Protein chains: 2
Amino acid sequence: MQKGNSAYIKNMNKKLVLKCIRDHEPISRSEISKRIHMSKPSVSLLVENLIQEGWVLETGTGESTISGGRKPVQLVFNPKSFYVIGVDIGGTKVSSGITCLNGHIYAYREFATKDYLEKDILERLYEDVNRMVEELHLTDHDIMGMGIGVPGVTNVKEGIVVDAPSMKWRNFPIRERVSQNFSFPVFVENDVNTSVLGEQWLGAGKSLENIIYIAVGTGIGSGMILNGKLFRGSSYSAGEMGYLVTDARKAKDYQPTIEGYGFLESIASGTSIGKRLSSLKSEHVTAKEAFELRRQGDKDAIEIVDSAIEHLGFGIANYISLFDPELVIIGGGVSGSFEEYEQTISKIIDEFTPKSCQVVPSTFGREAGVVGAVALFLKENESVIQI
Amino acid sequence: MQKGNSAYIKNMNKKLVLKCIRDHEPISRSEISKRIHMSKPSVSLLVENLIQEGWVLETGTGESTISGGRKPVQLVFNPKSFYVIGVDIGGTKVSSGITCLNGHIYAYREFATKDYLEKDILERLYEDVNRMVEELHLTDHDIMGMGIGVPGVTNVKEGIVVDAPSMKWRNFPIRERVSQNFSFPVFVENDVNTSVLGEQWLGAGKSLENIIYIAVGTGIGSGMILNGKLFRGSSYSAGEMGYLVTDARKAKDYQPTIEGYGFLESIASGTSIGKRLSSLKSEHVTAKEAFELRRQGDKDAIEIVDSAIEHLGFGIANYISLFDPELVIIGGGVSGSFEEYEQTISKIIDEFTPKSCQVVPSTFGREAGVVGAVALFLKENESVIQI
DNA sequence: TAGTTAGTTAGAACAACTTACTAACTATTT
DNA sequence: AAATAGTTAGTAAGTTGTTCTAACTAACTA
């Protein structure tokens with residue numbers, strides 16, 4: 001529970017006014033007052049504050065109404081009052097970018113993860129960020145903070161990567177390390193969670209309250225926004241969709257705790273599709289090739305890929321039955337083949353969930369990670385602007 | 001977003017002070033001031049308010065510290081400042097009760113659902129409530145409000161039962177109807193959800209932030225508390241665990257949308273256990289008898305019941321993988337046979353979830369529904385006391 | 001009687017509110 | 001074209017309500 005005092009309430013109302021401006025710009029003081037049911041003097045004072053702090057700009061006058069009267073002064077949100085740095089650390093590449101408060105990317109960089117040894121990754125990241133900052137002629141004061149997405153379980157509160165196998169990080173205090181180089185606040189989060197935050201901020205899940213994001217690639221992971229907030233579970237490991245069991249009989253021959261990854265992953269992830277087809281064909285086949293072979297009518301490929309899709313479909317249906325979301329977003333490596341998935345999955349969902357639900361592919365391309373990381377920052381950071 | 005003013009903040013702080021008293025009673029004004037970092041005059045004022053409104057009582061003086069000083073005045077929460085009515089409407093019986101603010105039941109009544117036709121149920125409920133109120137010599141002013149648990153999908157905001165097959169209710173505006181008889185506020189909620197609220201308030205899930213409650217009986221339903229709040233989904237139908245698919249191959253021969261109830265329900269609910277064994281034995285067998293037969297070593301019963309338990313286990317494991325809860329509570333008709341479930345289910349959970357989780361039976365007996373409904377009221381009602 | 005702690009009183013600070021004002025515009029009348 | 005009435009935007013002055021600090025009184029121990 002929270003203790004309130006005058007500062008708390010002023011901040012609260014300032015946020016409310018700013019949100020109103022962001023949602024309805026251009027807007028006048030007078031209209032804000034009507035919309036949020038706050039007295040005109042109070043609105044004027046708060047707007048004055050917001051203008052002085054740079055969040056809001058006056059952009060000339062608007063038109064009078066038909067019945068006459070003084071023309072209103074138009075107020076707009078200033079997305080360039082501050083900039084945010086988004087970082088996406090992945091198993092194959094580390095991408096970083098700088099965006100304004102509307103999520104527009106003004107600078108972007110990436111490098112291959114494997115080229116940098118464990119210790120060098122953050123060093124290289126530091127260089128990339130500095131170069132981008134210079135490029136945009138920004139000072140430390142212009143930067144609000146940084147969000148980082150990491151491919152593993154993350155203790156968000158402490159800023160520690162609990163376990164990220166692909167990075168070989170275990171209980172790695174990444175926030176502490178990164179913070180040493182910068183003066184602004186840094187937030188860290190699992191990359192699937194940053195993805196769903198990005199989708200809710202600017203993507204397919206815009207302004208929805210309950211969405212699920214499923215990433216199918218090397219493994220199968222998921223993140224969810226429930227009641228408008230990221231849900232992390234009691235130990236930061238909610239959404240482990242790869243562990244879903246969709247075939248109880250088959251599951252008896254499989255033990256995730258021993259194999260190291262989940263049942264559904266062992267059937268439906270990109271990696272396992274490749275593996276399974278490879279062993280059937282006795283030659284090395286990737287997931288991408290498996291999809292290609294399937295298109296060509298290869299019987300083995302059809303069997304493997306179709307069963308993968310089917311099981312994924314049941315996994316998603318189960319997810320929907322439990323969560324009743326407004327939208328399911330599919331991302332990750334295989335989201336490129338979304339059209340091939342779609343029908344089968346939608347059919348399973350329609351048949352096996354109490355209340356159906358739309359499934360769409362993820363909105364973003366290369367910049368997904370950066371946008372998500374920025375969304376994370378803006379969601380977590382206590383400020384007058386909040387998404 | 002919320003607009004703040006001085007009344008809002010005072011109410012907020014009043015809640016905080018009351019919570020502090022409830023959590024640490026008996027406690028002095030001075031200690032509250034230290035605990036919640038609020039000035040002594042402010043605490044005194046708020047406490048004065050709370051005393052006048054009846055929430056708090058002074059109970060004499062405590063002891064001075066070793067270093068001397070004036071003795072503190074002890075403050076305690078007054079659980080009898082108001083009473084709350086809890087109602088549990090079920091397919092077999094309708095139970096109602098009156099509790100104090102600590103959940104102690106002072107009056108209880110129930111009647112068989114089938115004895116009262118559709119229209120008469122609320123009439124009879126009205127009579128029961130009135131008799132209990134008289135019994136306890138309460139006036140309208142002593143009653144804070146009423147919570148109602150219903151066996152079906154409920155639109156909580158509007159107070160409408162969207163669909164409750166066992167009551168033959170469809171879009172039934174129950175809150176409106178009940179409110180006609182009473183002057184206090186009424187809240188309605190699905191019965192599984194009230195159960196989990198009850199467990200979080202006073203039962204196995206006390207003060208936990210993420211818990212799942214699973215009711216296995218006629219069907220299979222579930223409710224969940226996530227981040228300390230009841231999660232209802234985007235259309236009040238989250239937690240439809242009965243629809244989980246735990247055997248993709250078998251599922252192909254089954255269509256929940258046609259059959260009317262979910263896949264897991266068709267295997268693991270009490271009803272279906274009875275049904276399946278009945279058809280195998282060509283005689284009518286109930287779920288209870290099936291369990292009994294299994295204990296006696298009947299082969300058919302063992303097969304049917306064990307597969308039911310197993311599938312339920314996988315369903316729970318899936319639930320846990322997605323939610324990462326602190327606790328899973330099993331309730332409903334079969335929670336009596338919990339010991340027989342426990343081992344199998346725990347083993348499946350240990351093997352098939354990324355991070356294990358404790359499973360316990362539900363705490364309450366007959367009064368479960370009433371306590372849950374009261375918990376619902378106290379959770380939903382905007383007041384200075386909030387659970 | 002000195003030292004300590006509990007609780008209250010007095011008044012300052014602050015934020016939102018109401019009321020009444022000025023500023024600036026439209027539309028209509030002269 | 002000028003004057004005027006009516007309307008809307010925004011500001012100023014003063015009130016209210018809440019928390020805070022500082023200083024007080026009350027009540028206790030040693």
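Visitor: A salt bridge is a side-chain nitrogen of Lys or Arg within 4 Å of a carboxyl oxygen of Asp or Glu. What is the count between chain B and chain A?

Guide: There are 4 salt bridges between chain B and chain A. In one of them, the side chains of Glu310(B) and Lys252(A) meet at 3.0 Å, N to O. This is a predicted model: local features need pLDDT of at least 70 and side-chain atom pairs pLDDT 80 or more, while totals for chains, interfaces and linings use all residues. Residues are numbered from 1 along each chain as its sequence is written, chains are lettered from A and ligands numbered from 1 in the order written, and side-chain values use heavy atoms, without hydrogens and water.

Visitor: How much area is buried between chain B and chain A?

Guide: About 5,300 Å², with 62% from carbon and sulfur atoms. Buried area is the accessible area (1.4 Å probe) that two parts lose on being put together, summed over both.

Visitor: Which three residues supply more than any other three on chain B's side?

Guide: Met1(B), Leu322(B) and Phe352(B), with 14% of the area chain B buries against chain A.

Visitor: Switching topic, where is Asn78(A)?

Guide: Asn78(A) sits in the loop between β2 (73–77) and β3 (83–89) of chain A; strands are DSSP runs (E, at least two residues), numbered from the N terminus.

Visitor: Why does it count as buried?

Guide: Because the relative accessibility of Asn78(A) is 15%, and buried means under 20% relative accessible area (1.4 Å probe, protein chains only).

Visitor: What does the Asn78(A) side chain have 3.1 Å away?

Guide: The backbone oxygen of Gly54(A), from a polar atom of that side chain.

Conventions: Helix = DSSP H or I, 4+ residues; strand = E, 2+ residues; numbered from the N terminus. Buried < 20%, exposed > 50% of the residue type's maximum accessible area, 1.4 Å probe, protein only. Polar contact = N/O pair within 3.5 Å; in protein donor to acceptor, adjacent residues only side chain to side chain.
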